[in-house]
Amino acid sequence: MLSLAVHKLEIRYPGLPAPALDIPALFIEPGTHIALTGPSGAGKTTFINIAVGMERVRSGKVEWDGENLAAMSEGRRDRWRARNVGLVMQDFHLFPGLSALGNVLLPQRLSRFRLPGDMRSRALDMLARVGIDRANQLVETMSRGQMQRVAVARALVGRPGVIIADEPTASLDAGSGEAVANLLLDLARETKATLIVATHDARLTGRLDRILQLENGWVSG
Amino acid sequence: MFHFILADLVRNRIGVVVLIILVALATALGVTVTLQERALRLGSARAAAPFDLVIGAPGSETQLVLSSVFLQPAPLPLVSPEVLAGLRADPRVEAAVPVGFGDFVESNPIIGTTADAVAMFGGLTEGTAFDHLGDAVAGAEVKRAVGSTFRPFHGNAGDVGEVHAEVQYRIVGRLARTGTPWDRAILVPIQAVWDTHAAHHHDADEAAAHQHGHEDDFATRPVDNAVLDGDANPGVPAIVIKPKSISDAYNLRQQYRGDTTLAVFPGEVLTRLYGTLGDARRVLSLVATGAQALVAAAILMVIATHVLQRRRQIGALRAFGAPRAVVLSIVWLETFALLAVGLLTGFAIGYGATHALSQRLGEASGVAMPVELNVSDAWMLAAFLIAAALVTFLPALIAYRQTPAQALRS
């Protein structure tokens with residue numbers, strides 16, 4: 001679990017008069033579960049991209065447990081993200097042609113020379129934990145709810161300190177959505193990870209510790 | 001990493017196979033042009049090797065070589081008898097054998113010559129050389145057994161000719177393989193050819209009377225070489241000379257290059273011929289290279305499109321923690337593997353195609369066509385592979401420059 005401290009963060013895009021994101025100060029306690037809400041275009045995606053180091057910060061600081069992403073090179077940010085962040089996205093971003101297990105292991109395989117010895121059994125455990133029995137089933141043959149559960153397993157198998165989920169339930173039916181939401185909350189609690197969920201889902205926001213409301217790049221709440 | 005590449009290739013297997021086939025065929029085209037040209041050049045050069053010097057009547061040097069070395073039928077003017085007699089007596093000459101053509105049996109040309117030709121072409125593998133007018137020596141590839149008999153046809157191979165009904169030869173020996181079109185020829189005494197054709201020009205009545213004489217003594221009449229040393233013969237279209245030394249060869253060529261005779265080194269004539277053919281080869285290579293360039297451009301387009309279509313996927317890879325270098329390697333390895341497999345397959349197809357082509361050409365012409373790979377081919381393959389490695393770096397760079405945020409934004 002990591003804490004996040006944002007200081008004088010300002011993101012501007014060329015041609016736009018107002019900054020896309022303007023956060024003078026924000027602190028997130030380690031292990032808290034945060035809901036990130038706000039209308040589309042309010043800066044939720046920009047905030048997530050900044051928070052996981054996928055976008056460069058030119059002014060201000062974004063510190064996870066004292067490590068400032070703004071001061072890191074792109075390569076270092078990639079390595080930091082691989083080590084610390086579990087990502088779950090609205091569109092799953094699973095890779096067709098690979099099995100559920102293959103997808104869960106893919107980021108681990110690509111970010112290091114060889115898999116740690118217990119990684120395979122951890123992946124199988126994690127798949128069982130999210131309710132996927134057939135680890136060798138190709139992902140493109142799964143239902144959307146199953147796909148998102150595979151994505152959750154992929155995000156968590158590396159035991160990240162931070163779990164970031166961008167609209168994880170938006171493309172699922174109510175039943176699957178609730179199952180995925182339960183999994184995310186339970187697993188975040190079990191691993192004591194800091195959880196940030198960008199969502200419109202009122203049933204989900206209600207179960208989180210704190211709500212960050214984004215409005216035109218400003219944070220309230 | 002390899003899991004991922006393999007999964008992607010398997011998922012797009014139809015496109016992958018089509019691409020590999022395209023690359024392979026374009027490569028095979030270039031390889032075949034190169035190897036086939038080399039096989040033709042080496043094959044004909046080796047075919048001409050046993051023929052040091054050829055003397056004929058004034059006319060086309062090329063035709064003289066084509067007729068005497070490659071046994072291509074053509075009506076050549078005859079050299080007067082004194083020339084052959086003079087050469088046979090010349091101390092600079094180790095052997096001078098006349099070459100008379102015009103008759104065939106099926107697809108085998110019948111060559112009138114002397115028994116000296118047998119030694120000149122490397123001797124016999126079975127039987128004996130000819131002693132009688134009716135004796136014949138078969139080339140290594142003639143599909144007739146020693147001891148069998150045949151009647152010659154007048155005219156071109158394959159044409160409906162006129163059978164010399166009154167003449168019958170018996171095969172008494174077989175020549176060692178020479179790798180030249182002479183492997184398909186049947187050698188008979190030149191005196192027999194003269195005899196046959198002399199009879200041919202007589203009146204029908206006279207020929208009928210003559211025929212009995214032939215039948216009686218053709219097989220038993222010994223070959224009389226004295227007739228070659230005088231001027232009481234019709235002459236021959238070409239004489240193949242084996243000189244005693246290189247300087248003798250040059251002297252002889254000098255002496256017999258004049259108003260009444262033509263003297264050529266077949267190797268030299270062939271070299272000149274290749275000079276002309278070289279341009280044709282260059283045109284062919286240009287066409288092949290052009291085709292390869294077009295295919296390369298098309299393939300590059302396809303790959304670039306594919307990589308662009310995978311932007312989201314590739315961006316997502318980085319979002320999930322794959323380092324940039326790994327993403328670069330994935331795209332590069334995947335595209336390079338595809339091209340490399342195509343290139344290697346193309347080399348194999350080209351080599352096989354050249355073999356098949358050379359086999360057929362060799363059977364048709366009698367010239368053995370050696371299909372040989374040498375160091376320059378290895379360099380060509382290496383150059384192709386390096387070019388493929390460089391070219392496939394381009395789509396990999398596209399992937400490298402993509403930010404992971406793009407994948408999440410879309």
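Predicted model: local features only at pLDDT ≥ 70, side-chain atom pairs only at ≥ 80, totals over all residues.
Biologist: What does the secondary structure of chain B come to?

Modeller: Chain B has 14 helices and twelve strands. Its radius of gyration is 32 Å, well over the 22 Å that the globule rule gives for 410 residues, so chain B is more spread out than a compact globule.

Biologist: What does the C-alpha trace span along its principal axes?

Modeller: About 105 × 45 × 35 Å for chain B.

Biologist: And how many of the residues are buried?

Modeller: In chain B, 39% of the 410 residues are buried. Of the contacts in chain B with a separation of 6 or more, 80% are between residues 24 or more positions apart.

Biologist: Switching to chain A. How many residues of chain B are in contact with it?

Modeller: 24 residues of chain B, in contact with 23 residues of chain A. Helix 1 (2–11), helix 10 (311–319), helix 11 (324–365) and helix 14 (404–409) of chain B each supply at least two residues of that side. Helix 1 of chain B gives the largest share, six residues.

Biologist: What's the makeup by class?

Modeller: The side of chain B that touches chain A has 15 nonpolar, four polar and five charged residues.

Biologist: Where is B:Arg324, and what does it touch?

Modeller: B:Arg324 is in helix 11 of chain B. Leaving out residues up to four places away in sequence, B:Arg324 touches A:Gly75 and A:Asp78 in chain A, plus B:Arg318 and B:Tyr400.

Biologist: Why is B:Arg324 called partly exposed?

Modeller: Because B:Arg324 has 17 other C-beta atoms within 10 Å, and a residue counts as buried at 20 or more and exposed at 12 or fewer.

Key:
Residues numbered from 1 in each chain as written. Chains lettered and ligands numbered in written order. Helix = DSSP H or I, 4+ residues; strand = E, 2+ residues; numbered from the N terminus. Rg over C-alpha atoms; globule rule 2.2 N^0.38 Å. Contact = placed C-beta atoms within 7 Å. Nonpolar A, V, L, I, M, F, W, Y, C, P; charged D, E, K, R; others polar.
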